[in-house]
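Reader: Hi! Could you walk me through this one?
Author: Happy to, let's have a look together.

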Amino acid sequence: MKERKPWLVAVLGICTLFVYSIIWWYKTQRDVKEEAAAGIMGIGHLMIMLVPVVNIVYYIYWICTIDNRLSFLGATKGNRWFVYLLLSLIGMGAIFVFPMIQAKINTIGTAEARGKTTADARTNKYAKYLNTNDKKKRV
């Protein structure tokens, strides 16, 4: 996953009237999909992002799941989805949330440093990770 400066994500978003934020969102989802083998990718992801109303629902879903996916990939654990969602609802998503997510991505490091596994192994590990978290919530 590509490391970027979190402050630069915010500044470029503001300077480009949030066009860069849309590009960052697309590229980040693509990177997370490749690494964790979970989520929507490609044309489907792009179309969902661009369709009015659907993109808002998808964005809320993405904000709520990105934290789990990044934790699975090795980022620091922490359930910040509520903070992400709250900031997004008051219109601060591209200014504060995207840089916060980028900072979390930067803690993961590169795939080569972690040792890349096959897509099937990642899918199985992610499914087990989700099942473990579901069991903890039920108890």
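Reader: What share of the residues in the protein is buried?
Author: Of the 139 residues, 36% are buried, meaning under 20% relative accessible area, with exposed over 50% and partly exposed in between (1.4 Å probe, protein chains only). Keep in mind that this is a predicted model: local features need pLDDT of at least 70, side-chain atom pairs count only at pLDDT 80 or more, and totals for chains, interfaces and linings use all residues. Residues are numbered from 1 along each chain as its sequence is written, and side-chain values use heavy atoms, leaving out hydrogens and water.

Reader: Thanks! How many helices and strands are there?
Author: Eight helices and zero strands. Both are DSSP runs numbered from the N terminus: helices are H or I with at least four residues, strands are E with at least two.

Reader: Let's take α1. Which of its residues are buried?
Author: In α1, which spans residues 6-15, V9, A10 and G13 are buried. They sit on the same side of α1, because they cover an arc of only 95 degrees around the axis; the arc is that of the directions from the helix axis to the C-beta atoms.

Reader: Why would residues three or four places apart point the same way?
Author: Because an α-helix has 3.6 residues a turn.

Reader: And what covers the buried residues of α1?
Author: The cover includes α2 (19-36) and α6 (93-106), judged by contact, which is heavy atoms within 4.5 Å. The face turned away from the buried side carries the exposed residues W7 and C15. Just after α1, L17 has a positive phi of about 55 degrees.

Reader: Switching topic: how many aromatic pairs does the structure hold?
Author: Nine. Rings of Phe, Tyr and Trp (its six-membered ring) pair if their centres lie within 6.5 Å; planes under 30 degrees apart count as stacked, over 60 as edge-to-face and the rest as tilted. One of the pairs is Y58 with Y61, tilted, at 6.2 Å centre to centre and 35 degrees between the planes.

Reader: Where do Y58 and Y61 lie?
Author: Both are in helix α4 (residues 54-73), three residues apart, about one turn of the helix. Y58 is buried at 7% relative accessible area, whereas Y61 is partly exposed at 42%.

Reader: What about W81 and F82?
Author: That pair is edge-to-face, because the ring planes are at 90 degrees, with centres 6.0 Å apart. W81 is partly exposed, at 30% relative accessible area, and F82 is exposed, at 52%.

Reader: Which residues do ring pairs link into a cluster?
Author: W24, W25, Y58, Y59, Y61, W62 and F98.
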